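This briefing is intended for a reader with the sequence and the model at hand.

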Amino acid sequence: MKRSYDFHRVRSHRPYTVATLAVLLGVGERTVRRWIERDGLDVAILDHSRPIILQGSKVKAWGIAKKKAKRQPCGAGEIYCVRCKTPKRINPDSFHIIQRNQSKLTVKGDCQTCGLTLHRFGSPLNRAALEAEFGPKWPDNPAA
Ligand SMILES: [Zn+2]
């Protein structure tokens, strides 16, 4: 039940059979055949006397486009919640910033819907922007 596949492992200039592609991506041959029959994966050679041949460049482009189509970009003040499976606003009372080192910080806060603690990594250079984006109460917080 893998949900993401590493299509960057597919070599653009190589031809693949269903079996070799399945092994490369760690899926079953039935999964690859389903991609061809139902999900529009283009085949280079399809006559019923030979094995199906897929062109590496087309497989790679198709896989990467499929992954991009599933993306859900976060809006301002949102962090992706893995429990809700959608970008969510964080509870302003739970918002805080943890300075990891000179070049990294973490924005932490609880999902407004399910309460799961959400994290977003950032740079101290963007700290003021992150504070403005996530914590409406933050500039007035004396604990800052
Ligand atoms: Zn949630």
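Cysteine 114 has a relative accessible area of 25%, so it counts as partly exposed. The model in which this residue sits is predicted.

- Distant parts of the chain are linked by the pair of cysteine 84, in the loop between strand S3 (78–81) and strand S4 (86–89), and cysteine 114, in the loop between strand S6 (105–110) and strand S7 (117–122), 30 residues apart.
- Cysteine 84, like cysteine 114, is partly exposed, because its relative accessibility is 24%.

**Helix H4**

- The buried residues in H4 are Leu130, Glu131 and Phe134.
- Viewed down the axis of H4, the buried residues fall within an arc of 100°, and therefore line one face of the helix.
- Ala128 and Ala132, on the other side of H4, are exposed.
- The buried residues of H4 pack against S3, strand S5 (96–99), S6 and S7.

**Nonpolar cores**

- The largest nonpolar core has 19 residues, of which Phe7, Val10, Leu21, Val32, Trp35, Ile36 and Leu54 touch the most other members.
- Two or more residues of this core come from each of H1, helix H2 (29–37) and helix H3 (56–70), and H1 gives the largest share, 5 residues.
- Tryptophan 35 contacts Tyr5, Phe7, Leu25, Val27, Gly40, Leu41, Trp62 and Lys66, leaving aside neighbours within four places in sequence.

**Two buried loop residues**

- Leucine 41, in the loop between H2 and strand S2 (53–55), counts as buried because its relative accessibility is 3%.
- Beyond neighbours within four places in sequence, leucine 41 is in contact with Trp35, Ile36, Leu54, Lys58, Val59 and Trp62.
- The C-alpha atoms of leucine 41 and glycine 63 are 8.5 Å apart in space, while the two residues are 22 residues apart in sequence.
- Isoleucine 90, in the loop between S4 and S5, has a relative accessible area of 3% and is therefore buried.
- Not counting residues up to four places away in sequence, isoleucine 90 touches Gly77, Ile79, Phe95, Lys108, Gly109, Asp110, Gln112, Leu118 and Phe134.
- Isoleucine 90 and leucine 118 are 28 residues apart in sequence, with a C-alpha to C-alpha separation of 7.7 Å.

**Confidence**

- The protein has a mean pLDDT of 86, with 90% of its residues at 70 or more.
- Confidence is highest in helix H1 (residues 18–25), at a mean of 95, and lowest in helix H4 (residues 127–134), at 86.
- Over residues 138–144 pLDDT stays under 50, and the model has 6 contacts beyond four places in sequence for them.

Notes. Residues are numbered from 1 along each chain as its sequence is written. This is a predicted model: local features need pLDDT of at least 70, side-chain atom pairs count only at pLDDT 80 or more; totals for chains, interfaces and linings use all residues. Side-chain values use heavy atoms; hydrogens and water are left out. Helices (H or I, at least four residues) and strands (E, at least two) are DSSP runs, numbered from the N terminus. Buried means under 20% relative accessible area, exposed over 50%, partly exposed in between (1.4 Å probe, protein chains only). pLDDT is the predictor's confidence in each residue, from 0 to 100. Contact means heavy atoms within 4.5 Å. The arc is that of the directions from the helix axis to the C-beta atoms. A nonpolar core is a set of buried Ala, Val, Leu, Ile, Met, Phe, Trp, Tyr and Cys residues joined through side-chain atoms within 4.5 Å.
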